[in-house]
Amino acid sequence: MKVGIIGASGYGGLELIRLLHNHPEVENTILFTSSEEGTVFSHKYTHLVNIYDQPLQKIESEKLAEFDVVFSSAPAGVASQLLPPLIGKGPRLIDLSGDFRLKDSAIYEQWYKKEPASALAVEQSVYGLTEWNAKEIRQSQLIANPGCYPTAVLLSLLPLLKEQLIDGSQLIIDAKSGVSGAGNQPSQMTHFSETNENTAIYRLHQHQHIPEIEQAISSFASEAAPITFSTHLVPMTRGILTTSYARVMEGVTEAQLVSCLEETYANHPFVRVIRETNKFGTNQVYGSNYCDLYVKVDPRTNRATIVSVIDNLVKGAAGQAIQNMNVQFDLEEITGLSLVPSFI
Ligand SMILES: NC(=O)C1=CN([C@@H]2O[C@H](COP(=O)(O)OP(=O)(O)OC[C@H]3O[C@@H](n4cnc5c(N)ncnc54)[C@H](OP(=O)(O)O)[C@@H]3O)[C@@H](O)[C@H]2O)C=CC1
Ligand SMILES: CC(=O)N[C@@H](CCC(=O)OP(=O)(O)O)C(=O)O
């Protein structure tokens, strides 16, 4: 397969490069730029010397049309312009931004404050939550790869909501992310001296993943209530941990919640349900495509605490994007993604 990457020099792009390098079906990966045409990639990133010594190429629609797959890993507002002209031409298109995730353009504008993609392109796109939408992903040319937080939240909550084991009417979700989630552009929020020794809540009640999570809960689990969702930046590079709190339905036990998760993901190699542990954290999935889940019911409150961890750059971005590519090309989902978490 011949693969092109828009936004190759960002964190999502670098992770695509790392993972695609070990993908047995990918022969050639070409890197595109909007700002550094001609720069030899390994001069910019010396960890890629002797691996990617090719120059970055200018983004041109005719060139992109020649690939089998084009990944776009650019900021929101870019893929909405670059990818729709390629629909109906050769490549399968996988966008890592939020441009095609929200089916209602007015909602996209409201939360992203950007011009939405054309209604036709949004209609043709398929939400790439692999474990829940593989049939549609296989047939689609344009994949809207899920956001990092929604991936962790949805994989943990959808089975329990779908089976009506927890009350979806008053979900409270607390999410924490490492700083690489914000990409590689410098900003005050991610400045070392303000992230080191600090944990901060940000974009309270205004995070763009709120409508994405609500939309997916409504379409996969038929639950339409608004969620309370809070995002926190913690002083680590990679990783997301989400903690959701939900009332357990009358008569439902912790064992039933655990079984529901285990049964849902029995044939999905990247979702692991951890039964008993006294420590559950982001390092157990670090550098891998796993999403690990852990659930406990507090009998005093009759509420379940549902915890999920992913590596934001792998299962939350590049890994899931490649998993979707594998589905599109009828390859085993794990192809090129059998990564053991590095843990330390
Ligand atoms: N970081 C994460 O954990 C996750 C990120 N995402 C989403 O994935 C996308 C990429 O994120 P991330 O890699 O972190 O971001 P970065 O800021 O690290 O990188 C984005 C890259 O996009 C390219 N770019 C910028 N402007 C344009 C443009 N106008 N046209 C084409 N390319 C452009 C830049 O490269 P150049 O200047 O060479 O063109 C840049 O390196 C974003 O939409 C993000 O929201 C999704 C899930 C998780
Ligand atoms: C730590 C941090 O800043 N994380 C980012 C997640 C980026 C992302 O996934 O953005 P889209 O889904 O909109 O593409 C954020 O909270 O916006």
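## The parallel sheet

Strand β2 (residues 28-33) runs parallel to β3, and two bridges join the pair. One residue pairing can be named here: F32 has Q57 in β3 as its bridge partner. The model is predicted.

These strands belong to an open sheet of seven strands. The order is β3-β2-β1-β4-β5-β7-β6, and the pairing is parallel. Its edges are β3 (57-58) and β6 (125-127). Each has a single partner strand, so one side of each is left without a neighbour in the sheet.

## Around β5

Further along the order sits β5, between β4 and β7. Four bridges join β4 to β5, in parallel. Within β5, D95 is the bridge partner of S72. On the β7 side, three bridges hold the parallel pairing with β5. There, L93 has L142 in β7 as its bridge partner.

Both faces of β5 are covered. R92 and I94 are buried on one side. L93 and D95 are buried on the other. In general, side chains in a regular strand alternate between the two faces of the sheet.

Helix α12 (residues 314-328) lies across β4 (69-72), β5 (92-95) and β7 (142-144). The helix runs at about 160 degrees to β5.

## The mixed sheet

Another open sheet of seven strands has mixed pairing. Its order is β9-β10-β8-β11-β14-β13-β12. At the edges stand β9 (200-202) and β12 (271-273), each pairing on one side only. From one strand to the next, the twist averages 25 degrees.

Strands β8 (residues 172-177) and β10 (residues 228-233) pair in the parallel sense over six bridges. I172 stands opposite T228 in β10. Helix α11 (residues 254-264) packs on this sheet. The helix touches β12, β13 (291-298) and β14 (303-310). Its direction makes about 165 degrees with that of β13.

## The shell around ligand 2

The residues around ligand 2 are A76, S97, G98, G147, C148, S177, G181, A182, Q208, T231 and L233. By class, four are nonpolar and seven are polar. The shell has no charged residues.

How values were computed. Residues numbered from 1 in each chain as written. Chains lettered and ligands numbered in written order. Predicted model: local features only at pLDDT ≥ 70, side-chain atom pairs only at ≥ 80, totals over all residues. Near = placed C-beta within 6 Å. Nonpolar A, V, L, I, M, F, W, Y, C, P; charged D, E, K, R; others polar. Pairing = 2+ DSSP bridges. Contact = placed C-beta atoms within 7 Å. Axes fitted to C-alpha atoms, helices over the stretch in contact; angles between N-to-C directions. Buried ≥ 20, exposed ≤ 12 C-beta atoms within 10 Å, placed from the backbone.
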